[in-house]
Amino acid sequence: MSIDAAAGGTTHQARSESAESTGGSGTTQGPLEQFTYDDGIVRMFAFATVLWALVAFLVGLLIALQLAFPQLNLGLEYTSFGRLRPLHTNAAIFAFAGNAIFAAVYYSTQRLCKARMFSDTLSRLHFWGWQFIIVCAALTLPLGFTQAKEYAELEWPIDILIAIVWVGFFGVNFFGTLVRRRERHMYVALWFYIATIVTVAMLHVFNSLVIPMGLFKSYPIYAGVQDALIQWWYGHNAVAFFLTTPFLGLMYYFLPKAAERPVFSYRLSIIHFWSLVFIYIWAGPHHLHYTALASWASTLGMLFSVMLWMPSWGGMINGLLTLRGAWHKVTQDPVLKFFVVGVTFYGMSTFEGPMLSVKLVNSLSHYTDWTIAHVHAGALGWNGFMAFGMIYWLLPRLFQTQLWSKKLAEWHFWIGTIGILLYILSMYAAGITQGLMWRAFDAQGNLAFPDFVETVTKLFPFYLIRATGGGLFLLGGLLCMLNFVMTWANRPKTYEQEVHSAPPLRPVAVAADADAQTPHSRLHANTKFGHEGDKFLQGTWHRRLEGKPIKFMIWVLIAVAIGGLVEAVPMFLVRSNVPTIASVQPYTPLELAGRDIYIAEGCYNCHSQMIRPIFAEVKRYGDYSKPGEFVYDHPFQWGSRRIGPDLAREGMSNPNALWHYNHFRNPRDVNEDSVMPAYPWLLSDEIDWSKIEQRVQTMAMLGVPYGDMVEPGVAEEDARLQATAIAAEIANAGGPPIDEIREKKVIALIAYIKRLGVDLTKTPPEGATAHAE
Amino acid sequence: MLSDVFRDLDLSVFPTVGMIFFIVAFVAISWRALRCPRSDMHDAASLPLHDSDPIRPKGD
């Protein structure tokens, strides 16, 4: 039986009848309309939240253990770290947090608007469409279908589906409800929902602009530096507008409900909202400090990240002070416990985020587990606990019975809290340890830990503690599911549909208080400018805006668009931001095929391709990375984490094809301490030669200068020749015979790896030009 | 043409321009928030508390 099913339950359509009323909706008299809320959709999203939470936590635990025990992928390509890590992040963000957001929005919007959702059909299409997207992600990511952009890995057909479900079903349904609301003022939680819907749509569309090459493969229209800027504009703001603003909306609605008192300061919430949406969008480039991105852009990102601290803490303070005079309830109520710790973690994360954006701190933290600790403090502490707090508050109301076990909810809280602490403390220790080891020098001025794997094995105990913490958090999630199912089982045979009533919202022009809402100049001066200025200063413009959802949405769009435009437009138009290098040439057809294997296996989840201009990095990896090296990289592969070493100069530092062949077969054969998974399937699976030409033609369409290579048959012939040459190199060095390996995927991947970084040492081909203004 | 315009711009002013944008918006919003009557703020803040979904006894 479905969670939504209310045995014998009925759904009443809103109807109107004439009556006198003095409702609290901003109108004084009018016909009362009666209506019911659609709680069935909230039940569905609430159940999906807990179900997908378990999936996300379980996959997270598995990949955490794989870092200590790489054999735990069981030798299967579908369960390797590189393929499962995107599944974990997508499940946590879009499945767990996403469904929690929708449950919160559908429950609170109806009540704040005094209106049933605009369309029950759209609500159901939204629910099933979103679950279908999640299932598609769960199937395609382990199969290696990915765009290789963090938190935006899903391939283009799923991207289109996301846009349809988000805008066409969710957005239309939400704004339709706002338009049909019976409450004049749009409560601040609704503002955060508006910002979420508008901004996520904008981010998703612009970051997903690709040229498809078949149903499951595409290449972004951006390359290198520009692709990186757009991706982290998206990536950072996915955190901002998917994991922050909707959860702040959730906080502003559910925390006062649970505490049974209004939010501490509504004035502060207004400042909090506008400051946050205006500032957040600028902060993305702080993910690219010391990279090939122009310095002005990352400095801009840093500046706004530091400024972001103010509104973030304004929100945290507003949340915590809402409990003024009600702290005694926290000891009794698991819901408030979850909320208090959740908001506290919000404050911690939003202090740490600006701190990590400061270049000096970032130079130590970036690519290490410090970042992993930071995001999990936010994801588990803030998103996780706010979502679980909301679920526990909703359960008795949605299923019209008591929560099955308050004690179990208390256990969930304490187990989850201990789990988070074990997780983040171990990752802080691991991150700082690794960062310091990377930059340590001995007395002779050499790297103290020249073998990268030394800095990985040192983290082994921390990884075990992290896995224990993750396991406890998963256990908490299982307790929540048990409580959910048992509460559902105790539901009444028929859900009682409470009928609410409120007068309809009439246009301001005919409302009784319309005159009061229209500002009049208090000045006696004759200048029109003076009168208009005085009306503006009275502040009623914003009050009116708070009642107009479409205008409000447009202003939010303007606020979030400014930051993106100021950063992106110069980056795309000013050539000096991406000076080209004459010796950097397009990848060969075989290298392109190898690059796609690198992407499909998710190698970017563990390896960066970006050497920062930091002495220890240049000493370890070679010359620092230049913007011009990446002009043909669709997509960029800079990565954000170094579980393995940087590969930007791998072609120069380790061109031995046989070493790479053996390394892919079993990394422990060449380095006994390696935690990299083995890739035996690459040694048996064959290269898809039929796609070689199509891949080159797609790249040419994106502006990569392939010349005659796009002619029929040329690319494949070139690829076969290069594959034979690499196979011969391996065979001559004592590896397997040429005929046994030259058709295998591993040869294409080795071709790509051997190419990394070598162009800088080459003589530019005749006629090649470069520019740097 | 746009490319020429942006090439001639001093990009180091962008953080300053961004800061000015923010300050203007921040002052305007703060002004609105601080000017609003206390009763309006109280009414708005109380909106989530207007409705109540009672918790029914187990098995009811």
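Predicted model: local features only at pLDDT ≥ 70, side-chain atom pairs only at ≥ 80, totals over all residues.
A:Tyr367 is buried, with a relative accessible area of 1%. Check its backbone: phi of A:Tyr367 is near 75°, a positive value in a residue other than glycine. Most residues other than glycine have a negative phi. The loop holding A:Tyr367 runs between helix H12 (359-365) and helix H13 (369-398) of chain A.

Next, select A:Ala148. Here too phi is positive in a residue other than glycine, near 65° for A:Ala148. Look for A:Ala148 in the loop that links helix H3 (120-140) and helix H4 (156-179) of chain A. Buried or exposed? A:Ala148 counts as buried because its relative accessible area is 5%, under the 20% cut-off.

Move on to A:Pro635. The peptide bond from A:His634 to A:Pro635 is cis, with omega near 0°. Most peptide bonds are trans. A:Pro635 sits in the loop between helix H22 (615-621) and helix H23 (650-653) of chain A.

Now go to the surface. Select A:Asp451, A:Glu454, A:Glu672 and A:Asp673; they form a negative surface patch. Centre on A:Glu672, in the loop from helix H25 (667-670) to helix H26 (680-684) of chain A. A:Glu672 is exposed, at 65% relative accessibility.

Colour by secondary structure: chain A has 30 helices and 5 strands. Of its 773 residues, 63% count as buried. Then show contacts. Among those in chain A with a separation of 6 or more, 81% come from residues 24 or more positions apart.

Technical notes:
Residues numbered from 1 in each chain as written. Chains lettered and ligands numbered in written order. Heavy atoms only, no water. Helix = DSSP H or I, 4+ residues; strand = E, 2+ residues; numbered from the N terminus. Buried < 20%, exposed > 50% of the residue type's maximum accessible area, 1.4 Å probe, protein only. Contact = heavy atoms within 4.5 Å. Patch = residues over 30% accessible without salt bridge, like charges linked within 9 Å, V, L, I, M, F, W, Y side chains within 5 Å. Areas by Shrake-Rupley, 256 points an atom, 1.4 Å probe, with all protein chains shown as cover. Salt bridge = Lys/Arg side-chain N within 4 Å of Asp/Glu carboxyl O. Lys, Arg positive; Asp, Glu negative; His and termini not counted. Charge placed at Lys NZ, Arg CZ, Asp CG, Glu CD.
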